[in-house]
Amino acid sequence: MIIKRTFSVTALMLAAITSSGCSQPSNSASDATNQKEIWPTIETGIKSDAQMEQKIADMLKSMTLEQKIAQMIQPEIRHITVEDMRKYGFGSYLNGGGSFPNNNKHATPEDWVDLAEKMYQASIDDSLDGSTIPTMWGTDAVHGHNNVIGATLFPHNIGLGAANNPELIEKIAAATAREVMVTGIDWVFAPTVAVVRDDRWGRTYEGYSEDPEIVKAYSASIVKGLQGAVDEDFLSDTRVVSTVKHFLGDGGTVNGDDQGNNIASEEELFALHAQGYVGGLGAGAQTVMASFNSWHGEKIHGSKYLLTDVLKDKMGFDGFVVGDWNGHGQVKGCSNSNCAQAANAGLDVYMAPDEWKPLFSNLVNQANSGEIPLSRINDAVTRILRVKMRAGLFDKPSPAKRPLSGKTEIIGSSDHRAVAKQAVRESLVLLKNKQQLLPLSPKTNILVAGIGADNIGMQSGGWSVTWQGTGNKNSDFPGGSSIYAGIKDTVEQAGGSAALSVEGEYTARPDVAIVVFGEQPYAEGNGDVDNLEYQRGNKSDLALLRKFKDAGIPVVSLFISGRPMWVNAELNASDAFVAIWLPGSEGDAISDVLFKNADGSINHDFKGKLSFSWPNNPIDNENRNDEAYSPLLPYGFGLTYNDSNVLKDDLVEQTQQTEKLDDLVLFERAIKAPWSLVLKSGEQQKTVASSRESLGAVSIQTFDKEVQEDARAIRFNGQAMAGVNLAAAFPSDLRSYVENNGQLQIQIKVDKAAASPLWVGMGCGESCQFKFDITDNLEQSGQWQTLNINLSCFAEQGVDLAQVFTPWQLSTQGDWHVSIAKLAITANAVEQSSVTCK
């Protein structure tokens with residue numbers, strides 16, 4: 001999908017450049033003069049320590065190459081053992097989202113401390129590796145210590161951006177640091193300082209704003225809250241090492257494509273996307289995480305210009321750069337287990353969750369051969385040791401003996417939850433309030449409806465216990481509260497009544513219906529969409545709102561979302577509409593704002609203001625200071641109880657979608673990213689990694705049709721149910737294609753037919769797929785033919801085209817031999833469908 005937009009560098013952005021002592025730059029990414037003009041030297045207030053630097057230099061002299069490389073590798077707890085740590089002495093390790101000690105989702109804080117202690121003791125045990133350097137544990141505590149059951153979950157960043165309160169942000173970060181320290185962990189992968197320019201990006205809610213104004217101040221506040229102020233309690237016993245991420249430009253990829261390409265000019269890259277680093281590094285952040293995205297086609301993990309020339313040399317960053325999850329493997333010419341290019345570009349720590357063992361060997365060999373200069377290895381290890389010494393890891397007690405370790409009363413404490421409740425209240429944005437319906441009297445008869453009403457997992461979103469935030473129940477959030485629970489408590493204390501019906505059923509007519517609805521939880525990749533229309537093709541929540549409206553019952557909509565969405569129809573069907581974002585575990589705080597006190601006075605007024613413009617249509621993602629800026633509601637909008645309503649019930653509910661769709665090529669000469677070719681035979685499966693692969697009852701090999709190796713010969717032997725399919729780790733949103741009468745196009749040739757059916761399928765998860773027999777549509781002449789299958793066939797059979805993991809599958813239990821030359825999703829029907837789908 002291609003959307004044309006214009007962009008102007010705003011006065012604010014140019015002011016950011018000027019305030020950094022820089023003149024307006026040119027667009028060259030490689031001109032050293034321009035580098036000096038654009039990128040400022042950051043002053044952190046951290047004084048150089050000659051004694052520490054000498055100690056590091058002396059340590060380097062005594063370290064073997066293997067010990068140095070081990071410092072540069074970060075495995076994941078599911079893929080290493082305590083014995084691995086003892087043998088290699090890794091500089092750090094991590095738990096990914098949804099990863100827990102003993103692989104137990106309900107691991108206790110004591111379990112976390114126990115693993116931290118064992119890993120630490122193994123790292124300083126020199127019996128096998130000769131090293132006594134303590135390791136570090138890093139975790140994604142992105143809205144509280146979100147991997148730990150019972151932790152306080154704060155609103156996600158998009159809600160905090162609406163609060164626009166840097167002092168509150170520092171309190172949140174400090175509380176998070178304390179809860180992390182309870183579990184013996186040293187290091188947090190936060191804050192995310194992405195400036196989100198396209199809300200279709202699945203990580204939009206990880207950004208504070210579409211504009212760097214808030215991001216810069218917030219970054220400094222969070223770093224200070226996590227690490228302590230440089231001139232006060234910097235990296236003390238109640239603080240953790242922070243990570244400013246993801247360097248650089250992840251919020252500005254074309255079409256909001258996760259891990260995609262940012263094509264901003266260099267001055268835009270600084271003025272828009274780097275302001276969080278000006279703030280965070282200025283507050284003393286000790287680590288920076290490299291980003292998955294590319295800049296003008298070059299993956300950041302392999303960009304020497306950005307990682308070394310800009311970040312380290314010009315901006316003066318003297319901490320270390322850590323990679324993202326196997327991000328080095330995406331650099332051109334690299335794999336997850338082999339990537340000298342990343343080290344040479346300036347990556348100091350490889351986040352290598354699972355393929356750390358071959359990566360270790362390859363890095364040792366590459367350093368020995370000179371492919372990676374020893375000076376680069378020494379620089380990386382110097383930076384790692386510097387951060388560890390500043391954090392006191394060589395002097396602190398072991399994780400189990402630190403002051404906060406094991407003090408489980410700190411996790412989810414009332415003090416921390418009070419901070420979270422304040423954040424919830426200040427993050428709510430009132431978009432509509434007809435006839436001053438809000439605030440409500442608590443002495444009334446309230447019906448609470450909608451799937452999000454009593455659903456702490458939904459209101460918390462992604463990165464909540466599990467990575468995607470899915471698979472959770474209310475019981476997975478002990479100490480937390482749902483939105484309904486808060487409403488019920490508030491109303492009943494005042495003498496009113498509150499009933500819950502997800503479907504909106506009632507016997508006694510309510511005075512007001514509060515409907516809680518919105519996006520289901522998601523994290524990176526899975527959250528990408530191609531269109532901002534809410535519930536496109538499935539307007540069940542709109543039907544619920546209209547049910548109350550048609551009955552004459554006033555409707556208050558509470559919209560849970562990780563981004564602004566096109567909800568014109570839902571706005572029209574609501575008397576009051578509140579963007580509550582992803583409030584986290586403290587859902588009861590919402591009722592503090594919705595309801596008056598029992599005496600009729602206002603309890604808490606709305607304070608939240610949009611830090612993202614609210615879209616005027618489902619396609620365009622307009623941002624503050626863009627040319628021809630015309631959102632439905634602008635950046636900074638947010639009603640209070642003193643304001644008059646501005647939105648009427650006549651918003652346009654149908655739009656002409658003007659997006660230009662290109663054909664989505666899945667396979668042409670080669671399999672196109674992000675898909676992989678996978679063989680399945682019975683219960684086994686195998687990713688195709690070479691020109692010839694086989695698994696059980698199926699095999700595949702390349703051959704020449706028109707050019708070298710541009711086709712695939714697939715052979716089924718009929719001895720088991722088998723298949724070949726395209727698969728991706730994250731789903732694709734194909735709804736625009738079905739709306740434009742698109743088709744699945746297959747160039748196929750039958751080399752040998754069988755009596756058994758040959759199925760073509762499409763899948764949207766384990767229990768969400770459809771396949772149908774194409775045997776009658778195939779020519780038996782051994783000639784190439786093109787099958788065009790309407791995407792509506794799959795949609796009608798229940799395939800969720802918003803979440804397609806497998807856009808094509810070929811399967812059979814028969815002895816079929818077929819060849820495939822091209823697979824594509826066409827933007828428009830090229831001809832009548834070749835297949836009748838029944």
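Colleague: In what order do the three strands of the open sheet stand?

Modeller: Strands of a sheet pair through backbone hydrogen bonds, either parallel or antiparallel. Here the order is β2-β3-β4, with parallel pairing. β2 (92-95) and β4 (187-188) are at the edges with a single partner strand each, so one side of each has no neighbour in the sheet. Helices (H or I, at least four residues) and strands (E, at least two) are DSSP runs numbered from the N terminus; two strands pair if DSSP finds at least two bridges between them. This is a predicted model: local features need pLDDT of at least 70, side-chain atom pairs count only at pLDDT 80 or more, and totals for chains, interfaces and linings use all residues. Residues are numbered from 1 along each chain as its sequence is written, and side-chain values use heavy atoms, leaving out hydrogens and water.

Colleague: How many bridges join β2 and β3?

Modeller: Four, in the parallel sense, with β3 covering residues 136-139. L94 has G138 as its bridge partner in β3.

Colleague: How many disulfides are there in the whole structure?

Modeller: A disulfide is a covalent bond between the sulfur atoms of two cysteines. The search, which takes cysteine sulfur atoms within 2.5 Å, finds two. In one, the sulfur atoms of C334 and C339 are 2.2 Å apart; in the other, those of C764 and C768 are 1.5 Å apart.

Colleague: Why is the disulfide of C334 and C339 right-handed?

Modeller: Its S-S torsion is about 65°, so it is right-handed. For C764 and C768 the torsion is about -60°, so that disulfide is left-handed.

Colleague: Are C334 and C339 buried or exposed?

Modeller: Both are buried, meaning under 20% relative accessible area, with exposed over 50% and partly exposed in between (1.4 Å probe, protein chains only). C764 and C768 are buried too.
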